[in-house]
Amino acid sequence: MGEQPIFTTRAHVFQIDPNTKKNWVPASKQAVTVSYFYDVTRNSYRIISVDGAKVIINSTITPNMTFTKTSQKFGQWADSRANTVFGLGFSSEQHLTKFAEKFQEVKEAARLARDKSQEKIETSSNHSQASSVNGTDDEKASCAGPADTHLKSENDKLKIALTQSAANVKKWEIELQTLRESNARLTAALQESAASVEQWKRQFSICRDENDRLRNKIDELEEQCSEINREKEKNTQLKRRIEELESELREKETELKDLRKQSEIIPQLMSECEYVSEKLEAAERDNQNLEDKVRSLKTDIEESKYRQRHLKVELKSFLEVLDGKIDDLHDFRRGLSKLGSDN
């Protein structure tokens, strides 16, 4: 069945700098997929991550490995076979916690698989030794037969397996010693990395305090800038008010000049006013005289009208008398004419 993925997440991948053993070197430019794989055939676990066509993590998990959280979103583990330290930066603390829990689970499964493998090796070794002893006894007894031949063949196979097992044990011991040495180096590198992390933490704390101080200073400067802006605005308003007052003052000065000019002609105006007043009083006296004369004329007119009416009446009576006289005169002339014609 091969390898199967049992857990997958995304993270930024880092590796420890092989030269300094302190600084982290980014293995990926962005967050990539990081997966746990289980190999059914070998009964082993691996962490694998691929960035494009490049394998950046290929770490077989062993019981001796330890995953360490160095911050809220960052964790690391040492791989003695790869002779490096891997670091993962997650987007949240929850993703880091899930990955760490899965690492512990897989590590425990790897330990159980190793214990079972060792039990099988010890059992096989015991059976081989027992068969070897039985085969020696059979040779001493010189027993013959098909069953003995079969047992002898099986005994030879077990001897060969025991020899191979012993060779494998030596090989594993050498590999274990190599792993221990590599683990010691990685442990030292991890301790240096932890010391660097502590130093970074202290530097980060100092930088954070400095940042807080600078922020407070910036807030104070912003407050001072706000006060300066308010003062500038007040000054601008005062300047506008001063300009308005200066304009009003100029207008008042102009009015004052006009009033001064007018005050210069006031005596002349007063003398003219007195002259006009005298003229007005004389005119009023003349007007009074004229009114008296008008009243007198009206009285004369009324009297004239009365006399005219009386004269008209008298004239009418005179005309009537005159008409009578004229008629008498005509009658007299007609009488004279008759007398002349008679004579």
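Which residues gather in a patch of negative charge on the surface? They are E248, E251, E255 and D258. This is a predicted model, where local features need pLDDT of at least 70, side-chain atom pairs count only at pLDDT 80 or more, and totals for chains, interfaces and linings use all residues. Residues are numbered from 1 along each chain as its sequence is written, and side-chain values use heavy atoms, with hydrogens and water left out. Here's a quick tour, starting with the rings.

**Aromatic pairs**

- Searching the whole structure turns up 12 aromatic pairs; rings of Phe, Tyr and Trp (its six-membered ring) pair if their centres lie within 6.5 Å, with planes under 30 degrees apart counted as stacked, over 60 as edge-to-face and the rest as tilted.
- Take F67 and F99: their ring centres are 5.3 Å apart and their planes sit at 55 degrees, so this pair is tilted.
- That pair links distant parts of the chain, with F67 in strand β6 (residues 67–69) and F99 in helix α1 (residues 93–141), 32 residues apart. Helices (H or I, at least four residues) and strands (E, at least two) are DSSP runs, numbered from the N terminus.
- F67 and F99 are both buried, where buried means under 20% relative accessible area, exposed over 50%, and partly exposed in between (1.4 Å probe, protein chains only).
- W77 and F103 also make a tilted pair, because their planes are at 50 degrees, with ring centres 6.0 Å apart.
- Here too the pair links distant parts of the chain: W77 belongs to strand β7 (residues 74–79) and F103 to helix α1, 26 residues apart.
- W77 counts as buried at 1% relative accessibility, and F103 counts as buried at 1% as well.
- Zoom out and you get a cluster: ring pairs link F7, Y36, F67, W77, F86, F90, F99 and F103.

**L96 in helix α1**

- L96 lies in helix α1 and is buried, with a relative accessible area of 1%.
- What separates the C-alpha atoms of L96 and S71? The answer is 9.6 Å, for two residues 25 apart along the chain.

**Salt bridges**

- There are 11 salt bridges in the structure, each being a side-chain nitrogen of Lys or Arg within 4 Å of a carboxyl oxygen of Asp or Glu.
- E108 bridges to R111, with the closest N and O atoms 2.3 Å apart. Both residues lie in helix α1, three residues apart, which is about one turn of the helix.
- D292 is partly exposed, with a relative accessible area of 33%, and R295 is partly exposed at 44%.
- Salt bridges that share partners join E108, R111, R114 and D115 into one network.

**The negative patch**

- Back to E248, E251, E255 and D258, the patch of negative charge on the surface. Patches are made of residues with over 30% relative accessible area and no salt bridge; like charges are joined within 9 Å, and nonpolar side chains (Val, Leu, Ile, Met, Phe, Trp, Tyr) within 5 Å.
- Lys and Arg count as positive and Asp and Glu as negative, with His and the chain ends not counted.
- E248 sits in helix α2 (residues 146–342) and is partly exposed, at a relative accessible area of 39%.

**Positive phi in two loops**

- N43 isn't a glycine, yet it has a positive phi of about 55 degrees. You'll find N43 in the loop between β3 (32–39) and β4 (44–51), partly exposed at 35% relative accessibility.
- N83 has a phi near 55 degrees, again a positive value in a residue other than glycine. N83 lies in the loop between β7 and β8 (84–89) and counts as partly exposed at 38% relative accessibility.

Technical notes:
Accessible areas come from the Shrake-Rupley method with a 1.4 Å probe; for residues, only the protein chains shown count as cover. The place of a charge is taken as NZ of Lys, CZ of Arg, CG of Asp or CD of Glu.
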